[in-house]
Amino acid sequence: MTQRATPRPKLIAGNWKMFGTAAALSEIAAMAEAVADLAIHVSVAVCPPATLIDRARHVAGDRLMIGAQDVHAEPEGAFTGCVSAAMLVDAGATLVIVGHSERRAHHHETDADVRAKAEAVLAAHMTAIVCVGETAAQRDAGTMLAVIATQLDGSLPTGTAGLVIAYEPVWAIGSGLTPTPAQVGGVHAAIRTNLVARYGAAGEAVPILYGGSVKPANAAELLAVPDVDGALVGGASMTAADFLAIVRAA
Ligand code: PGA
């Protein structure tokens, strides 16, 4: 694998999923304080449930970004229960996860839905983390790279400003299982090739995060892989101690 001439800035993003109430804000405060003290060149973000975005924004310092886990593609309308990009900006979010495998699976989101959401996020001048990844069955069937290419084809927005990709093998999420660093490197290299073919030189600058059972114990090894530009962290992002250990590993 070739070493890239221009290193991309690293991003460590936490996805709290449907966990956390006001009591968890003390973890965000502790993360913000520690990140502000670290002399690091790593961007750090936490995506709590939508109910906590506004309050999280108030306890997060300048060094800790607050994001959302989903968004509706339309700017407003009769969409009961949904939240628009402008509403997330209003609440203090600066990035949004779109196309997480849990939303693709449980909410039947298609690649076209994910692309529309990503476009809405970028149009609102936020960062969009677009998630892709194969299931265990797809990996076993040898269709992993084809599945990911199809997801990229259907899900990626037109422009790259604010775009981040997260490679998250579905079987690695919440399971404690991870691909080997070599396997992660192979997929990230394939995604990079796809991005450069799609966007030209701008595709070199799009960060590609790895996600799926990233923990303090495996973070350094995974983050050292070429073309791994950061991590999307679920379970281990809920406590400041674990999340900060991953940030330090970056
Ligand atoms: P995990 O989740 O770190 O708990 O495996 C990752 C994710 O779902 O983004």
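In this predicted model, the side chains of glutamate 109 and arginine 103 form a salt bridge, with nitrogen and oxygen 2.7 Å apart. The two partners differ in how far they are covered. Glutamate 109 has a relative accessibility of 9%, and because the cut-off for a buried residue is under 20%, glutamate 109 counts as buried. Arginine 103 has a relative accessible area of 23% and is therefore partly exposed.

Glutamate 109 sits in the loop that runs between α4 (101-106) and α5 (111-123). Leaving aside residues up to four places away in sequence, glutamate 109 is in contact with Asp70, Gly99, Arg103, Arg104, Val114 and Lys117.

Side chains of opposite charge can pair when their charged atoms come close. In this model the count of salt bridges comes to 13. Another of these pairs joins arginine 139 to glutamate 134, at 2.8 Å from N to O. Here both residues, arginine 139 and glutamate 134, are buried.

A further salt bridge links arginine 8 with aspartate 229, and their closest N and O atoms are 2.9 Å apart. Arginine 8 belongs to the segment before β1 (10-15), while aspartate 229 belongs to the loop between α9 (216-223) and β8 (230-233), so this pair ties together parts of the chain that are 221 residues apart in sequence. Arginine 8 and aspartate 229 are both buried. The pair also belongs to a network: through salt bridges with shared partners, Arg8, Arg192, Glu204, Asp227 and Asp229 are joined together.

The next topic is the packing of helices. Helix α7 (residues 144-155) and helix α8 (residues 181-199) have axes that come within 11 Å of each other and cross at roughly 35°. This crossing of α7 and α8 is right-handed. On the α7 side the contact is made by Met144, Leu145, Ile148, Ala149, Leu152 and Asp153, and on the α8 side by Val187, Ala190, Ile191, Asn194 and Arg198. Sorted by type, the residues in the contact of α7 with α8 are eight nonpolar, one polar and two charged.

Helix α1 (residues 25-37) can be checked for its length. With 13 residues and 1.5 Å a residue, helix α1 should span 18 Å, and the C-alpha atoms at its ends are 19 Å apart, which agrees. The buried residues of α1 are Leu25, Ile28, Met31, Ala32, Ala34 and Val35. These buried residues pack against β2 (42-47), α2 (53-59), β3 (64-68) and α10 (240-249).

The C-alpha atoms of leucine 25 and histidine 58 are 9.7 Å apart in space, although 33 residues separate leucine 25 from histidine 58 in sequence.

Definitions and conventions:
Residues are numbered from 1 along each chain as its sequence is written. This is a predicted model: local features need pLDDT of at least 70, side-chain atom pairs count only at pLDDT 80 or more; totals for chains, interfaces and linings use all residues. Side-chain values use heavy atoms; hydrogens and water are left out. A salt bridge is a side-chain nitrogen of Lys or Arg within 4 Å of a carboxyl oxygen of Asp or Glu. Helices (H or I, at least four residues) and strands (E, at least two) are DSSP runs, numbered from the N terminus. Buried means under 20% relative accessible area, exposed over 50%, partly exposed in between (1.4 Å probe, protein chains only). Axes are lines fitted to C-alpha atoms, for helices over the stretch in contact, and angles run from 0 to 180 degrees between N-to-C directions. A crossing is left-handed if the near helix is turned anticlockwise from the far one by less than a right angle, and right-handed if clockwise. Contact means heavy atoms within 4.5 Å. Ala, Val, Leu, Ile, Met, Phe, Trp, Tyr, Cys and Pro count as nonpolar, Asp, Glu, Lys and Arg as charged, and the others, Gly among them, as polar. The expected span of a helix is 1.5 Å times one less than its number of residues.
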